[in-house]
Amino acid sequence: MSRAAFLALLSLLAMAHSATALPRTGGMSMEGRGPVSLQLVQMPIFDVYIDGYGREVVVDSRTGEIVEIRPPRRVTRPQPLEVPERDSRIYDFSDPRDIERYRREREVELGRREPPPVSEEFRDDFNGPPDIYPEAPIAREEPSYGIERDTVRRAPLDDPSGEQIGENPNESTNNEFAAVPEPNSQEGSDSILEPGPLQTLPGGSGITVPMARGASEEVAKFQVLLDRAGASPGVIDGQIGDNVNKAIEAYEEITGQKLKTYDKKWIEEQLEATGGPAFVEYTITVQDAAGPYVASIPEDYGEKAQLDHLGFTSVSEALAERFHMDENYLKALNPGANFNRPGTIIRVVNPGTPVKTEVKRLVADKSRKQLLAYDADDRLVAVYPATIGSADTPSPTGIHAVSRVALDPNYTYNPKVNFKQGNNDKILTLPPGPNGPVGSVWIALDKPTYGVHGTPEPSKIGKTSSHGCVRLTNWDAQELANLVKPGVTVEFVD
């Protein structure tokens, strides 16, 4: 045997011995921690083993300490079109299977084990590698070899409202979540959020309306139609609510026809017949931007009394009231618009012209939270959502009459006659303005301190309580002020 062949044989024997031996671990053994490991690579500093779970175990060859455990890797090999035959005596010592094959065959040659029976199951004819390495065996618990790892545990998320969600989702008491578009909603739709399925109004009216999950321009369109017909929905905000539902019923009584909320073509035809499209463009003017505006409106009446005017606080608030809109809805229709810059073009609703028919009597319906207006022929001509009294400060009973009408009035606060606000125990005169306690209109009744008036918070009409008066949106109160005069009766019904 030549010297070169002898050295090559010694190199093979050394590699085979390294492949079958476990490293010294300085008293720390991998025995008993899982299936027998196979040494894959030996380097001057680290030894890398493949354990019975397919993981790579990196061991410091000097100290015997396990420094890393790597998860098993799935290796996909491309399927060759043709694999040439190879010499069975050639081994690839980077392949664990060849290392194992060499060990078996070497032990057979040395007489240490019987040759395996020849069968298709055990043939190693290399007719092509498998598509993927075989899966590592599944164990109940993989050994950690003494390496501690942090565990990430899931915890329940909090409800957006701040309430803790229990295991039972039906236990949640807050359903006010942000609306999301339906999966089949189309890009470029004219709806901010599409309405949901149809809902029948209470009371057996047979009228159906879309159940809006959020602001919808389709809902806003028939809110505009209601507003033009005298069946006020309150603020136009693109959402279905009690005020809109009751206005739809009033629309049928006023016009003699049902509002076909489900028929878009019919809605468009009615809009064209009553004043044009529901939405129009508006250019913010220099006067709009100039105001004047108030920086903020204090809650305390004593502080309010020190101001010169209880006006609007922003251009968007002033324009929302002019166009009978909810301020947030106006902003949603015009994302990114600069309301403070003259020349800015925005989209607004087109509410049409006010009712002109003279009113002879009013009915304040406490249970329905509505103020109904009738003409000389006792025909219903206008209906307004209203806040009428409260349990602590109830509204009057019986029939009363309008005594006077005041536009943009001052407000006299008298804690001895009315309610007490904060720590204010003296008579105060609050300046006029749409953000005053009675808004921009005061329709006094013959019962002292009671009347019909506007509000600084139009979106809360019909949803809160008052100090005994009949509270409307400012624009509804302004319309009504032009329809009544002293002597018109106001009947309060439960």
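Contact is taken here to mean heavy atoms within 4.5 Å. On this criterion, and excluding neighbours within four places in sequence, Ile346 of the predicted model is in contact with Val280, Glu281, Tyr282, Ile284, Leu319, Leu330, Asn334, Ala337 and Phe339. Ile346 also belongs to the largest nonpolar core, which comprises 41 residues. Within that core, the residues touching the most other members are Phe222, Leu226, Leu259, Leu319, Met325, Leu330 and Ile346. Another core lies apart from it and contains 38 residues, including Tyr411, Val438, Leu480 and Val484. In soluble globular proteins, nonpolar side chains tend to be buried together.

Leu319, one of the contacts of Ile346, is situated in helix 8. This helix spans residues 315-322 and is mostly covered, with seven of its eight residues buried. The buried set consists of Val315, Ser316, Glu317, Ala318, Leu319, Ala320 and Glu321. Their cover includes strand 7 (279-283), helix 6, helix 9 (327-333), strand 8 (345-349) and helix 10 (474-481). After helix 8 comes His324, which has a positive phi near 60°.

Helix 4, formed by residues 242-255, contains 14 residues. The distance from its first C-alpha to its last is 20 Å, close to the 20 Å expected at 1.5 Å a residue. Buried positions in helix 4 are Asn243, Val244, Asn245, Lys246, Ala247, Ile248, Ala250, Tyr251 and Ile254. The helix is followed by Gly256, for which phi is positive and near 85°.

Ala250 of helix 4 has a relative accessibility of 7% and therefore counts as buried, the cut-off being under 20%. With neighbours within four places in sequence set aside, Ala250 is in contact with Ala231 and Val383.

Two packed helices are described by the angle between their axes and the distance between the axes. For helix 3 (residues 217-229) and helix 4, the angle is about 50° and the axes are 10 Å apart. The two helices are therefore oblique to each other, and their crossing is left-handed. Helix 3 contributes Phe222, Gln223, Leu225, Leu226 and Ala229 to the contact, while helix 4 contributes Val244, Ala247, Ile248, Tyr251, Ile254 and Thr255. Phe222 and Leu226 are also among the members of the largest nonpolar core that touch the most other members.

Backbone geometry was considered at several loop positions. Most residues other than glycine have a negative phi, and most peptide bonds are trans. The loop containing Thr449 runs between strand 16 (441-445) and strand 17 (451-453); at 38% relative accessibility, Thr449 counts as partly exposed. A cis peptide bond joins Gly291 and Pro292, with omega about 10°. Pro292 is located in the loop between helix 6 (286-290) and helix 7 (301-304).

Notes:
Residues numbered from 1 in each chain as written. Predicted model: local features only at pLDDT ≥ 70, side-chain atom pairs only at ≥ 80, totals over all residues. Heavy atoms only, no water. Helix = DSSP H or I, 4+ residues; strand = E, 2+ residues; numbered from the N terminus. Expected span 1.5 Å × (residues − 1). Buried < 20%, exposed > 50% of the residue type's maximum accessible area, 1.4 Å probe, protein only. Core = buried A, V, L, I, M, F, W, Y, C linked by side-chain atoms within 4.5 Å. Axes fitted to C-alpha atoms, helices over the stretch in contact; angles between N-to-C directions. Parallel < 35°, antiparallel > 145°, perpendicular 65-115°, else oblique. Left-handed = near helix turned anticlockwise from the far one by under 90°.
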